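This briefing concerns a predicted model.

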Amino acid sequence: MKAVLIDDEPHNLSNLRALLATYCPQIDVCASALNAEQGKAVLLTHQPDLLFLDIQMPDQDGFALLRSLTEYDFEVIFVTAYDQYAIQALRFAAADYLLKPVDISELQAAVDRASRQRRLKVQNQQVGHLMQWLQAQSRNEDQRIALSTMQETRFVKIREIVRCESSNNYTTFFLSDGTKLLVSKPIYEYDELLSGYGFLRCHQSHLVNKAFIKSWRKEYGDFLLLVDGTQVPISRGKKEAVKKALHA
């Protein structure tokens with residue numbers, strides 16, 4: 001696959017180029033750029049299969065560069081130093097990203113995923129959703145989260161999620177229309193992502209949207225009764241946090 005690298009730090013470019021040459025020989029780096037303006041020109045010229053894109057750059061960041069493109073037909077792997085807002089956006093969109101300094105095994109895994117998507121000719125829906133998420137944030141619109149199942153990536157309105165239930169490293173999402181989605185990520189990742197959207201971790205295995213809680217029942221143990229009749233247990237260690245969140 002042809003790849004383009006965009007990063008405002010020359011040493012980051014040379015380091016990533018060296019890592020790809022050594023550990024990802026299926027990648028042919030055809031060009032690189034030090035800012036968004038150069039990067040846009042390089043993308044139009046080389047039409048790559050894969051873009052490694054830094055987010056924090058002066059003048060115009062990586063998100064703005066993508067927004068400036070009328071269309072694109074390449075996979076994107078974001079490369080970023082730790083930035084809470086940027087990583088939250090990437091995780092909401094289920095987009096691929098690497099933290100600096102780049103870990104070799106994570107780089108190889110991200111490249112393998114991008115290669116697989118290109119072979120299957122799967123449109124890069126995650127990046128499109130990322131752009132929508134960023135725009136919705138600025139307009140205070142209904143937020144959506146990308147949930148990747150074995151069959152598809154579903155883009156779900158957060159307010160339509162009733163609850164989440166974990167089983168080892170898998171999480172099942174229960175939606176208000178009765179749909180169930182099984183996602184191969186642990187529940188703690190979604191606890192962190194959804195904590196600012198009215199979700200309450202009442203048990204190690206359960207995360208609940210407060211909008212769907214009908215009552216706190218205390219007979220035969222503590223549990224939350226939801227509007228659909230589901231009973232969700234409250235663990236002993238979570239009781240005070242639940243009480244505080246519900247002002248009970």
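Helix α2 is followed by Q47, whose phi is positive, near 45°. Helices here are DSSP runs of H or I with at least four residues, strands are DSSP runs of E with at least two, and both are numbered from the N terminus. Residues are numbered from 1 along each chain as its sequence is written. The model is predicted: local features need pLDDT of at least 70 and side-chain atom pairs count only at pLDDT 80 or more, while totals for chains, interfaces and linings use all residues; side-chain values use heavy atoms, with hydrogens and water left out.

**Helix α2**

- N35 caps the N-terminal end of α2, with a side-chain oxygen 3.2 Å from the backbone nitrogen of E37; a polar contact is a pair of N or O atoms within 3.5 Å, and within protein one must be able to donate a hydrogen and the other to accept it, residues adjacent in sequence counting only if both atoms are side-chain atoms.
- In α2 (residues 36–46), the buried residues are A36, G39, V42 and L43; buried means under 20% relative accessible area, exposed over 50%, and partly exposed in between, with a 1.4 Å probe and protein chains only.
- These residues lie on the same side of α2 because they cover an arc of only 115° around the axis, the arc being that of the directions from the helix axis to the C-beta atoms.
- On the other side of α2, E37, L44 and T45 are exposed.
- The cover over the buried residues of α2 includes β1 (2–6), β2 (28–33), β3 (50–54) and α3 (62–68); contact means heavy atoms within 4.5 Å.

**The sheet**

- Five strands form an open sheet with parallel pairing, in the order β2-β1-β3-β4-β5; two strands pair if DSSP finds at least two bridges between them.
- The edge strands, β2 and β5 (97–99), each pair on one side only.
- Four bridges join β1 to β3, which run parallel, and L50 in β3 is the bridge partner of A3.
- Helix α1 (residues 10–23) packs on the sheet, where α1 touches β1, β2, β3 and β4 (75–80).

**Nonpolar cores**

- The largest nonpolar core has 45 residues, and F63, L66, F78 and F173 have the most contacts inside it; such a core is a set of buried Ala, Val, Leu, Ile, Met, Phe, Trp, Tyr and Cys residues joined through side-chain atoms within 4.5 Å.
- Helix α6 (residues 125–139) gives the largest share of this core, five residues.
- Apart from this core lies another, of 19 residues, among them L16, I27, I77 and L98.

Terms used
Axes fitted to C-alpha atoms, helices over the stretch in contact; angles between N-to-C directions.
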